[in-house]
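Here's a quick briefing on charged side chains and who they pair up with.

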Amino acid sequence: MTAQLEYPDPQESEALLSVQGLWKVFGPKAARVPRRPELAELNRATLYDRTGCTAAVRDLSFDVAPGEVFVVMGLSGSGKSTLVRCLTRLVEPTAGRLIFEGEDLRAADEKRLRTLRRSKFSMVFQHFGLLPHRKVIDNVSYGLEVRGESKPDRKRRAQEVIDLVGLSGNENMYPEQLSGGMQQRVGLARALANDPDVLLFDEPFSALDPLIRREMQTEVVRLHREVGKTMVFITHDLSEALKLGDRILLMRDGAAVQLGTGDELVGAPADDYVREFVRDIPRADVLTLRWIVRPPRDGEQLDGPELGPDVLVREATRLVLESDRPVKVVAEGQLLGVIGDEEILAVVADAAPSGATTLYGASGASGSATLASGSSGSGPAVPGAPGSAASSPRS
């Protein structure tokens, strides 16, 4: 950490939202913490003992691409909810830059911020935040009303998003008449009504029971596929992060631990903390064949079935185990390697197959997982592999 930070020119970035060296420090004389290296390097407990300050977000840098679902994950107290509020300056950052469409949001005045919050950003909250005296359609159209839209226009738009989120027929009901899942759909519809560029979700489903929670996760996936909005999604649930996220930022004590795709976190954890975090996730449900492909052995027959490198191990298991020859992994007509029973069973048993180093380098904590500082491991050898320059968020 340094007192003087240099940032890239935001005009040269393809990111929709770029977070650069972001800090949020609570406490007396908070601004001194990111400016003074001897304070910035202290852990949370020591910093509080010495200064009375708490660094809720510390020196975070990341980009969010247009159309990406970017998940921020961490345990309680990791700083993820503070971070999402810093993105629109609902919580004022202490240091760093927030670049949105080439504009530094930290330089925006209150009038400009209000305009951006009304037109460019929408947030879905954990506890719904619905107005109890307003009907569903009036809750959904509330942001349009604040923005000054005419009543016919806001009713028309509200009805469109009510239909989109599956609430048709409930327009004239009050929040208290709805289930928790339905109330959260109202919150989602209200966020979509403004047609924002970025949707911010702050643990929106954590108060729902597991069945409704899974239903709402599926709904978010469907809505993203249909409307293509850029999303920043906050969660403490790794399964939810893996289901929703194009990339996942794992935080601890306000700092970034690892930034990468879901399979990078599971297949190449950056340290023991990440390794423990993902320990209970079935690797076969997350890792693709890229992670376990190996070079053909001398004399091995190469006339077996073919699969693409992005097929999940779980989906390939039956074909591989039933084949009497190694399964070829092929991309764009090029043989990347082969997979046999040993590689499949090693993943199912949560062990690292000994020869699976072709596309991602050595198995384990290096791999291609991208750290938030911008460093990386050996990286994938195949264009378009997760973590490579050619990869892109799901469309």
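D285 is partly exposed, with a relative accessible area of 36%, and its salt-bridge partner is R314. Keep in mind that this is a predicted model. The salt bridges in it come to 32, and a few of them are picked out below.

**R314 and D285**
- The closest N and O atoms of this salt bridge are 2.9 Å apart.
- R314 sits in helix α14 (residues 313-322), while D285 belongs to the loop between α13 and β11 (306-307), so the pair ties together parts that are 29 residues apart in sequence.
- R314 is partly exposed as well, since its relative accessible area is 43% and the exposed class only starts over 50%.

**D272 and R275**
- Here the side chains form a salt bridge with an N to O distance of 2.5 Å.
- Both residues are in helix α13 (residues 272-277), and they are three residues apart, which is about one turn of the helix.

**R294 and E300**
- These two side chains also make a salt bridge, at 2.8 Å from N to O.

- K80 is in helix α4, which covers residues 80-86.
- Is this lysine, K80, buried or exposed? K80 is buried, because its relative accessible area of 5% is under the 20% limit.
- A polar atom of the K80 side chain lies 3.0 Å from the backbone oxygen of G74, and that distance is within the 3.5 Å used for polar contacts.
- With neighbours within four places in sequence left aside, K80 touches V72, M73, G74 and L75, and its contacts also include E203, I234, T235, H236 and M251.

Methods. Residues are numbered from 1 along each chain as its sequence is written. This is a predicted model: local features need pLDDT of at least 70, side-chain atom pairs count only at pLDDT 80 or more; totals for chains, interfaces and linings use all residues. Side-chain values use heavy atoms; hydrogens and water are left out. A salt bridge is a side-chain nitrogen of Lys or Arg within 4 Å of a carboxyl oxygen of Asp or Glu. Helices (H or I, at least four residues) and strands (E, at least two) are DSSP runs, numbered from the N terminus. Buried means under 20% relative accessible area, exposed over 50%, partly exposed in between (1.4 Å probe, protein chains only). A polar contact is a pair of N or O atoms within 3.5 Å; within protein, one must be able to donate a hydrogen and the other to accept it, and residues adjacent in sequence count only if both atoms are side-chain atoms. Contact means heavy atoms within 4.5 Å.
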